[in-house]
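Please keep the sequence and the model in view while working through the points below.

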Amino acid sequence: MATICVETTVDIPADRAWEAVADVGAVHQRLLPGRVIAAVIEGDNRILTMPDGHQVRELILAIDHDIRRMAYTVVEGQRMPLTYHHAAFQVFEEGDHSRLVWTTDVLPHAMAALIQPRVERGLAEIKDVLESTTNAQDAVKVSDPVRPSAGSM
């Protein structure tokens, strides 16, 4: 089995990165908007809908809040000729930043060379979304004027 491991530093605290990763039903909103247009949870399964309507069914294997790790496997709808696909995200605290690690195991081995650039591109997109969402939220907090209460006028 070939293993692909890609990581990046994200300019947000680990708890905020983990909240987004652990929110498995909102991957289309919190991690990969545009790449995934919908996510539906059915028991332990997550069904992702892509922009062209194609659906991928994943079995969510673990959401471990103690070690900030989420693991899944693709069980249906894989477009690549893979016989096995298992992946995990893990978030690590690094001061006021976080390190996001995406590990993917695939078979056949030869497919790793095709999967790695997709994982790298996906992680770069996730980093951009997490940082831009946080920056937008912070901008709203900073620019939102303090309004006096009715009793202080």
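Where is the place of Arg68? Arg68 is located in the loop between E4 and E5. The structure is a predicted model, and its protein has 3 helices and 7 strands. Read from the N terminus on, the elements follow the order β-α-α-β-β-β-β-β-β-α. Of the 153 residues, 39% count as buried.

**Overall organisation**

- The strands form an open sheet of 7 strands in the order E1-E7-E6-E5-E4-E3-E2, with antiparallel pairing.
- Strand E1 (2-10) and strand E2 (38-42) stand at the edges, and each has a single partner strand, so one side of each is left without a neighbour in the sheet.
- Neighbouring strands of this sheet are turned by 25° against each other on average, direction ignored.
- Helix H1 (residues 14-22) lies across E4, E5, E6 and E7, and runs at about 155° to E6.
- Among contacts between residues at least 6 apart in sequence, 48% join residues at least 24 apart.

**Strand pairing and hairpins**

- E1 and E7 run antiparallel and are joined by 9 bridges; within this pairing, Thr8 has Leu100 in E7 as its bridge partner.
- E3 and E4 pair in the antiparallel sense over 5 bridges, and Asn45 has Leu59 in E4 as its bridge partner.
- The hairpin of E3 and E4 has 5 residues between the strands, and there Gly53 takes a positive phi near 95°.
- E4 and E5 also pair in the antiparallel sense, over 7 bridges.
- Leu59 stands opposite Thr73 in E5, and Leu59 is also the bridge partner of Asn45.
- The hairpin of E4 and E5 has 4 residues between the strands, with Arg68 taking a positive phi near 50°.

**Backbone features in the loops**

- The phi of Arg68, near 50°, is a positive value in a residue other than glycine.
- The peptide bond from Leu107 to Pro108 is cis, with omega near -5°.
- Pro108 is placed in the loop between E7 and H3.

**The largest pocket**

- The largest pocket has a volume of about 700 Å³.
- Its lining is made up of 29 residues, of which Arg35, Met50, Glu58, Trp102 and Arg118 lie nearest the centre of the pocket.
- Two or more lining residues come from each of strand E3 (45-49), strand E4 (55-64), strand E5 (69-76), strand E6 (84-94), strand E7 (97-107) and H3.
- H3 gives the largest share of the lining, 6 residues.
- By residue class, the lining divides into 16 nonpolar, 6 polar and 7 charged residues.

- Asp11 is placed in the loop between E1 and H1.
- Asp11 has a relative accessible area of 44% and is therefore partly exposed, a class that runs between 20% and 50%.
- Leaving aside neighbours within four places in sequence, Asp11 is in contact with His97 and Glu131.
- Asp11 and Arg99 are 88 residues apart in sequence, and their C-alpha atoms are 8.9 Å apart in space.
- Glu131 lies in helix H3 (residues 112-143).
- Glu131 counts as buried because its relative accessibility is 17%, and the cut-off for buried is under 20%.
- Not counting residues up to four places away in sequence, Glu131 touches Thr9, Val10, Asp11 and Ile12.

**His86**

- Is His86 buried or exposed? His86 counts as buried, because its relative accessibility is 15% and buried means under 20%.
- His86 lies in strand E6.
- Apart from neighbours within four places in sequence, the contacts of His86 are Leu61, Arg69, Ala71, Tyr72, Thr73, Thr103, Thr104 and Asp105.
- One of these contacts, Thr73, is the residue in E5 that Leu59 stands opposite.

Conventions:
Residues numbered from 1 in each chain as written. Predicted model: local features only at pLDDT ≥ 70, side-chain atom pairs only at ≥ 80, totals over all residues. Heavy atoms only, no water. Buried < 20%, exposed > 50% of the residue type's maximum accessible area, 1.4 Å probe, protein only. Contact = heavy atoms within 4.5 Å. 1 Å grid on protein atoms, 1.4 Å probe; cavity = no way out; pocket = protein on both sides within 12 Å on 5 of 7 lines; lining within 4 Å. Points joined across faces, edges and corners; volume = space filled by probe spheres on them. Nonpolar A, V, L, I, M, F, W, Y, C, P; charged D, E, K, R; others polar. Pairing = 2+ DSSP bridges. Axes fitted to C-alpha atoms, helices over the stretch in contact; angles between N-to-C directions.
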